[in-house]
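Subject: Structure handover

Hello,

Here is the structure for you to take over. My notes on what was found in it follow below.

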Amino acid sequence: MSSRFSQTLQQAIRLYDLLERWTIVLMMVLLVLFALYQIVLRNFFSTGIVWGDIFLRHVVLWIGFLGACRATAEDKHIHIDLSALISTRWLRSLLGLLRVVFLSAVCTVLFYASWIFLGDEKSSGYFAFLDIPYWWLQTIFPLSFLVMTLRSLSQLWRNLRTLAPVAHA
Amino acid sequence: MKSLVALLLSLAALSGAPLFSVIAGASILAFLILEINVSLVIIEMYRLASNPMIVALMLFAMAGYMLAESGASKRLVRLSTALLGRAPGGLAIVALLTSAFFTALTGASGITIVALGGLLLPALIQDRYSEKFSLGLLTTCGSLGLLFPPSLPLIVYGMVAEVKISELFLAGILPGLLMLILLMLYSVWQGVRKRQSDCPSEQCETPMSLAEISGALKGAVWELLLPVVVIGGVFSGFLAISEAAAITVLYVFVAETVIHREVKIRDLPTIILKTAVMVGAIVLILGASLAFNSFLVDQQVPNRILGFMQTHVESKTGFLIILNIFLLGVGCVLDMFSALVIVVPLIIPIANSYGVDLLHLGIIFLTNLQIGYSTPPVGMDLFIAGLRFDKPIVYLYIASLPFLAILLATLAIITFVPSLTLVLLR
């Protein structure tokens, strides 16, 4: 890989990371403020926003799936950890490899599945609220699974690079 | 073919692949074999967006993380030490009460051991409790209190089993208290034994300090009022669960950022990101399991298990015993959230056929999974405590044994005295 391309790639990754973090933070602030606003409207003015609940649930869906993307980056998904029981180095490397190959494969299929899902939803033409079609809200599925696929593939790349000298030795 | 798929999935899970990917992978392979369009996985996942409890889950977790970053744990320990520190077993009771309080509000995600363990372990050792007792106590404390509202596992059970969360919140209170009281009695017994060997002539009795109590009370008053806000808001009918969660976030924000000024505004992005990562991991497991469960139902797996059980197990008691043994096993291998989302839908039709109330089933479930948290090979409490206290896991396991025995006794009472769970609802 040329160093210029690699630099641009690194920069793009950093920029996306930043964007992802701030989207999560701003959405959480929006979630709390909007939920509180709904409570005030309901209890003090006996009114409310009809589409408020649908909106809130989708905001949580977005925060959750973006959070899951971060969990992939930070390796914080819930998993079974037997590494303390395995002392053989090559076995541990092999299991580590299996782990990322499996994760990458599943994320890739999930990305493909959500792409088809999104296409179907788009052609159905239903609206969630106001003038916003459902499929806009559902773009989080292909987006997050694409990010998780890319992150797991980059882990796989790193794993293979560290494995090479082990195999060689 | 089927056994090859099962082998691949088990290997993936054991290699440490995220459990969501194992569950989603199982659904994908199942749909491929059945020649069903794979986009059904996402259609099922999207059902998450129609569950109102998902909002409560996110907001309560957010409030919990904010609380964990503040000095709330120190204030709670100070207050209970002022009240109980002089009594036999006092400090151990302090550990139990503050942990239960803290876990209920922060979810059983290991935060309790991290936030309170470092504070309580030196205090217990200094008070001349044995290291083994102290470590066992604190390891067990890590998941104590998850039967109390508004703990995240209670909410997740409610989401999966489709029972009313407010009723589930009430159902957990008495069983949770029973567990707490039995553990306290054991601590008092240990405390009395310790005191007899420390100072046989009772010369080291020191009087309770009223000034310290009132000072500590003033310090912790905001945290103490929090359960009143949550429980009061929900049960007065004034607030829906997700609204109570939003109010909790606001309340904790005001208490810890404006009044105590321990959580700074600039800390909030980090707290929000931590919340999103943890809830994101749970949400993904929930979503993947929705797809997997639709496959199981399509294949009539729950019905087949039900049929098998009905031919082999006649009584409700027999069913409950088998259920507990099975769940203890599940709790050893799976984390709480994965266990809930995978196993609950399978068990519900069976429980219904034996006339087990779904609220009662929920409390049995969570008690089992709580015990599983402190048992090998995948007890999360053991791992976190091992990391936090820098002790080998086997040592912690042995240290936890007496506490596990008490938890098992509580489980037996909870299982066979359903009225303990249901009496508050009548």
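A definition comes first: Ala, Val, Leu, Ile, Met, Phe, Trp, Tyr, Cys and Pro count as nonpolar, Asp, Glu, Lys and Arg count as charged, and the others, Gly among them, count as polar. By these classes, the lining of the largest cavity has 3 nonpolar, 4 polar and 3 charged residues. Please keep in mind that this is a predicted model.

Cavities

There are 5 cavities of 30 Å³ or more, and the largest has a volume of about 50 Å³. Its lining is made up of A:A71, A:T72, A:D75, A:K76, A:H77, A:H79, A:R99, A:L103, A:Q155 and B:P18. Two helices of chain A, α2 (52–74) and α3 (89–124), are the elements that give two or more residues to that lining.

The interface

Between the chains, 61 residues of chain B are in contact with 53 residues of chain A. The size of an interface is often given as the accessible area lost when the parts come together. Here chain B and chain A bury about 4,900 Å² between them, with 84% of it on carbon and sulfur atoms. On the chain B side, B:I42, B:Y46 and B:V277 lose the most area to chain A, and together they account for 13% of what that side buries.

As for polar links, 5 residue pairs are in polar contact between chain B and chain A, both residues being at pLDDT 80 or more. The salt bridge count between the two chains is 1: the side chains of B:E243 and A:R42 meet at 2.7 Å, N to O.

Which elements of chain B give two or more residues to the side that touches chain A? They are α1 (2–14), α2 (19–33), α3 (40–45), α4 (53–69), α12 (241–259), α13 (268–298) and α16 (336–353). Of these, α13(B) gives the most, with 12 residues. By class, this side of chain B has 48 nonpolar, 11 polar and 2 charged residues.

Regards

Technical notes
Residues numbered from 1 in each chain as written. Chains lettered and ligands numbered in written order. Predicted model: local features only at pLDDT ≥ 70, side-chain atom pairs only at ≥ 80, totals over all residues. Heavy atoms only, no water. Contact = heavy atoms within 4.5 Å. Buried area = accessible area lost by both parts, 1.4 Å probe. Salt bridge = Lys/Arg side-chain N within 4 Å of Asp/Glu carboxyl O. Polar contact = N/O pair within 3.5 Å; in protein donor to acceptor, adjacent residues only side chain to side chain. Helix = DSSP H or I, 4+ residues; strand = E, 2+ residues; numbered from the N terminus. 1 Å grid on protein atoms, 1.4 Å probe; cavity = no way out; pocket = protein on both sides within 12 Å on 5 of 7 lines; lining within 4 Å. Points joined across faces, edges and corners; volume = space filled by probe spheres on them.
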